[in-house]
Amino acid sequence: MAKSIEERVLGLIRGQRLVKRGDRVMVAVSGGKDSSTTAWILAKHAEDLGIKVALLHLYQGIPRYSDNALKDVKKLADKLKVPLYVHHWEDEWGMGLPGIVGRMRKASCYICGILKRYYQNVLPLEMGYNVVATGHNLDDAVGFTINNLITGQFEYIARLSPVLPESELTPRKIKPLFWIQEKEILAFAEENNIPFSRCQCPFQQLAPTYHIRRAFDVVEERRPGTRKAFVKNVMRLVERAKVAPEESKPNKCKYCGAPTRGKVCAVCKMKIRLGIKPERPRIQKEHVYVPEGAEGI
Ligand code: AMP
Ligand code: ZN
């Protein structure tokens, strides 16, 4: 019989050592099915893996969408009995994502991508967690690869992996659902009554990978296994062609300590441009939600 998703995910976590005993893992949860399933599997097996699990939600301040997402993330924290840290962009920026995008005059997915990556790097370390887990799945890996092939950013493709090691400035990044397709995750989340939001980000169709994903739906339907074979073979090609990820050690942003190629990181530069004081972000105590029955932080 085919292995269940849970068995495949645990096989990857153990086989590729995504986590080690004693790790403190923050799962970045959007409220959607992928990250909620990631959190559900990690929390269910936390004891036998020897890890502590918490949730991190970035509240982007998108009208209607963000409030719904937060409600579902709270339901998930209640069900899993794990602490939830919520970072409110409005508190730090004085405006939500639409306001930041309007003032920066850049595409919303571009700004959102920079901010999400930044907070997923900085906040776990700041709050005492050494690993960040995301819900990235096989469909995401395909979209990421094709997009970087189109733009010629080969060194990003060399970072295609279910685990990126921790460094002095960044937590270890793990993607337990790396080999699982989106439609399999949806079925699994429904079967197991995992709380998740069905609301989609209103900017979703503007994402550069949106149409790549839809195109691969067609190919996958005609040739099942295409996504997995494609990602596997790109990873083999990267090995064989010796494409290296950017090697030089990043600097520490002089304002916030995040990794950067220059002296000031992209996010602190954005803050300076918008007249906001650049500093290391934190999550205030009142935004840490510890559900009844949870162990605490
Ligand atoms: P996306 O960039 O929207 O494809 O999301 C990729 C991953 O980033 C998700 O699977 C989540 O783990 C994480 N993520 C996305 N949005 C949020 C959010 N608002 N708060 C916390 N994590 C998020
Ligand atoms: Zn900075």
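This is a predicted model: local features need pLDDT of at least 70, side-chain atom pairs count only at pLDDT 80 or more; totals for chains, interfaces and linings use all residues.
I found 13 residues around ligand 1, the closest being Ala28, Val29, Leu58, Lys116 and Gly135 (near: a heavy atom within 4 Å). For the record, residues are numbered from 1 along each chain as its sequence is written, and chains are lettered from A and ligands numbered from 1 in the order written. Local features need pLDDT of at least 70, side-chain atom pairs pLDDT 80 or more, while totals for chains, interfaces and linings use all residues; side-chain values use heavy atoms, without hydrogens and water.

Next I looked up polar contacts (pairs of N or O atoms within 3.5 Å). A backbone N or O atom of Ala28 is 2.6 Å from an oxygen atom of ligand 1. For a backbone N or O atom of Leu58, I read 2.9 Å to a nitrogen atom of ligand 1. Lys116 places a polar side-chain atom 3.0 Å from an oxygen atom of ligand 1.

I then checked burial. Ligand 1 alone exposes 480 Å², and the protein buries 78% of that (Shrake-Rupley, 1.4 Å probe). Strand S2 (52-59) and helix H7 (108-126) are the elements giving two or more residues to the shell (DSSP runs: helices H or I, at least four residues; strands E, at least two). S2 gives the most, three residues.

I turned to the sheet. Seven strands form an open, mixed sheet, ordered S5-S6-S4-S1-S2-S3-S9 (pairing: at least two DSSP bridges). Strands S5 (163-164) and S9 (288-289) are the edges, each pairing on one side only. S5 pairs antiparallel with S6 (172-174) over two bridges. Leu164 has Lys173 in S6 as its bridge partner.

Helix H2 (33-44) touches S1 (24-28), S2 and S4 (131-133), at about 155° to S1 (angles from 0 to 180 degrees between N-to-C directions, axes fitted to C-alpha atoms). Helix H4 (65-80) touches S2, S3 (84-88) and S9, at about 170° to S2.

Technical notes
A polar contact is a pair of N or O atoms within 3.5 Å; within protein, one must be able to donate a hydrogen and the other to accept it, and residues adjacent in sequence count only if both atoms are side-chain atoms. Contact means heavy atoms within 4.5 Å.
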